[in-house]
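Here is a short report to read alongside the structure. Please keep the viewer open as you go.

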Amino acid sequence: MDIAGSFALLLALLAALYSFVAGIAGILTRRTLLIKSARNAGMAVFFLVTFAVGALEYFFFTDNFSLAYVAEHSNRALPLFYKFAALWSGQEGSLLFWTWLLSTYAFFALFLNRNKHPELMPFAGVVLAGVQIFFLTLNNFVANAFTILGGVDAAGAVHMASVSEGHGLNPLLQYPEMVIHPPMLYLGYTGFTVPFAFALAALLGRYPGEKWIHITRRWTMIAWGFQSVGILLGAHWAYAVLGWGGYWAWDPVENASLLPWITGTAFLHSVMMQEKRGMLKVWNVWLVFTTFMLCILGTLLTRSGVVSSVHAFAQSSIGNWFVGFLALVFVVCFWAWWVNRDYLRSDNQLDSLVSRESSFLFNNLVLLAACFAVLWGTLFPVLSEWVVGSKISVGPPFFNKVNIPIALFLLFLTGVGPLLAWRKTSFDALKRNFAWPLGGGVAVGVIAAIFGFRDIYALVCLILCVFVTLTIFAEFYRGARVIASRDGSNLLTATCELTMRNTRRYGGYIIHFAIVLVFIGIAGSAFNKDVQMEMAPGDALSIGSYKLICQNFDQTNNNNFQSERATLEVFQHGRSVMMLYPERRFYLASQVTETMVAIETSPLRDLYVVYAGRSPETGRPVIHAYLNPLVKWIWFGGLVLVLGTGIAMLPNRRTVLVLHAEKEKAWEGAAVPGAPAVAVVPRKVNGDD
Amino acid sequence: MKTQAKFLVGSGIIVATLASLAYVGYTQSKTYYHTISELGSLQGSSLHQRMRVSGYVQNGSISHLSGQVDFVLQEEGKELPVSYIGRDPLPDTFKDGAQALVEGNLRSDGRFQAEQVQAKCASKYEAVPNSNPGEKKSGQAPTGADTTSYPGKS
């Protein structure tokens, strides 16, 4: 079976190579059969890699510890759920998993478009095959997950070895979210390959018009949605498991996942400029190239220990492969753009500073600035060592100083941008659309300031959140009212109908609303409190309106871990409200200490209590309590974001139009049969997203 | 003024603002990495920088005092006396022979005053040379298995 798995991977590499070479040959000779066979080989990669992944999972489920990777990342007693997830818990397996997701995307991209876009698909197939060749090379020759324990003796005979028990999965990863977080993030990282492939293909094939953007819009949304969910899940995991009271530390590995998300977000917005106005063609192509390269860079940062020297003590040579690949991708992209740059001429110019176009331009400008700042800060130790010879790192103050104003400006644009007209917006329209949302925001801000809300960034954030929320709801209300009065339906039904008629626009609004929720949660961190103290039974710790009284400490030992636990009774306004049990475990097999945080969560605040260890001086237990307002809004925003992304990917409802027309005819006898229902919605509301 | 010129002016203002903010953030949080042997050759203002130093905890050197923990870091035969004055408990992996990373300042008496200590258990690292414990998997699992102190906490 291990041989079969290895063999499938080797065949997959050959299939990808064939797909690449035959694809190029087919494009050059214009022979349909050759192109077809290249495509089929590209699709075959998926089945071969699927077989290899299945084989590795089979080894995990059957506790086959003759495989080095299985022995390293699993043990017999590990729950099945985690045996499954152990596939992506180490270098080799996660790279294989990566390749598999990539091949899945490639398969669907090739399969769903098999009879479409004959001028574009051969190029896209070649690019997809090229990327897969790189990852399959790693899987086969650099980090092979099917390496067996044992060795080869002098006579050349292979000696199999096997251990009776594996090392087990890192306890930090034995947490349900760690099963789902890496696949989400990987789906994001790999998903950006599809728009990249189509953009490069369109450029290489000088494919006319904006069609590649239409073809890849849903793919980009899928990748973006997964990336967002992956980032939020990672933040939640860090919050719930690592026990330092926060969810984001500007750690290089976190930044690595944020970078392609930022450029991906910029791309999702700026493509509209190209679709509607034929502008920003070069920019869009480079945004999608950059997003893909940042995905590769993220993989490089995560795996090589280039930057995160703080925690990655072990170095890995695999980084050099990624550096090489990154350089190659850049050269290819640059060459493709240079040769075909005349094809990307812009159709239009910017007409007015107060227009949808300029809001998109500012959106892109600050997103790119944020991306650049995060990239710069992350790579600073490497860059400074090159330039001045000493390794200098920057911390959270750097990232926060730059990114908080950017985030607030983006929030402002989120409210303003969608309501500005293309080309030019009149002052009257501005007044009509923004007067009362902005008034509402400022009113709430004034009230908050009177009640002692003094942190300037948090206050601005609050005003903007109210403003953006009001503009979004006003948009829904305006459109829904028209439909409701026309169909005689209630507002709620009309809102659903409105959303389904233009899923991209209204799904986008829902995503904007999700971002508002996330921002509210992040702004809450301005009011975080924490108290740390040594406690003995009977001691009390006060934080906010809570009072924690230590009942006792206990210790338990079992075969798996030694644990120290505190029992704390929580009082609020003099009444006992709950018990919390923060715990610290030392896992014997892996020699790892893990904190079991006690979190009492509510929409208003989280009470987050950590058993921090024992005081070095007195040996007494130390309890660290945090009061984190509004954190829950971030996770709730994540759910809304998934909903919005899902809606934005649905096709617009068109087929039911006839039904509506019939109904109206029966009721009113006045509607024009078969007229598109969207036409009744005022022009401002529909279609011009 | 032409629209494009206006846009460029607006962009210039935004970029300049962000750049100055970035500079302020940089000066507030920059931290130098040094090896123990480099510390001896530092001069002038670079002696007062915030820095990170890594090394191995010398066997038997850890002593708990009132308000601080003293120990000695060693690397390539050089030694550095360290006083940890942070308020967080030391990570459980911090023990004799562990690989440790300290962050803080060099005092004028040559002793390093650490506000943060991260440590990785040496025995595990040697027993499992292939496991790459620090750079674990999964996008965001940031600290990996063996550093029990998270860099973001202060």
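In this predicted model, buried residues account for 51% of the 689 residues in chain A. The contacts tell a related story: of those in chain A between residues at least 6 apart in sequence, 70% link residues at least 24 apart.

The secondary structure of chain A amounts to 20 helices and 13 strands. With a radius of gyration of 28 Å, close to the 26 Å that the globule rule gives for 689 residues, chain A is as compact as a globular protein of that length. Along the principal axes, its C-alpha atoms fill a box of roughly 80 × 75 × 60 Å.

Chain A is divided into domain 1 (1-149 + 165-172) and domain 2 (526-633). Between the C-alpha centres of these two domains of chain A there are 44 Å.

Is A:L297 buried or exposed? A:L297 has 21 C-beta neighbours inside 10 Å, and 20 or more are needed, so it counts as buried. A:F322 is 25 residues away from A:L297 in sequence, and their C-alpha atoms are 7.5 Å apart in space.

Now to confidence. Chain A has an average pLDDT of 85, and 90% of the residues score at least 70.

| Stretch of chain A | pLDDT | Contacts beyond four places in sequence |
|---|---|---|
| residues 308-314 | under 50 | 23 contacts |
| residues 655-689 | under 50 | 32 contacts |

Where pLDDT is low, the predicted coordinates should not be read in detail.

Key
Residues numbered from 1 in each chain as written. Chains lettered and ligands numbered in written order. Predicted model: local features only at pLDDT ≥ 70, side-chain atom pairs only at ≥ 80, totals over all residues. Buried ≥ 20, exposed ≤ 12 C-beta atoms within 10 Å, placed from the backbone. pLDDT = per-residue confidence, 0-100. Contact = placed C-beta atoms within 7 Å. Domains from an automatic or database assignment. Helix = DSSP H or I, 4+ residues; strand = E, 2+ residues; numbered from the N terminus. Rg over C-alpha atoms; globule rule 2.2 N^0.38 Å.
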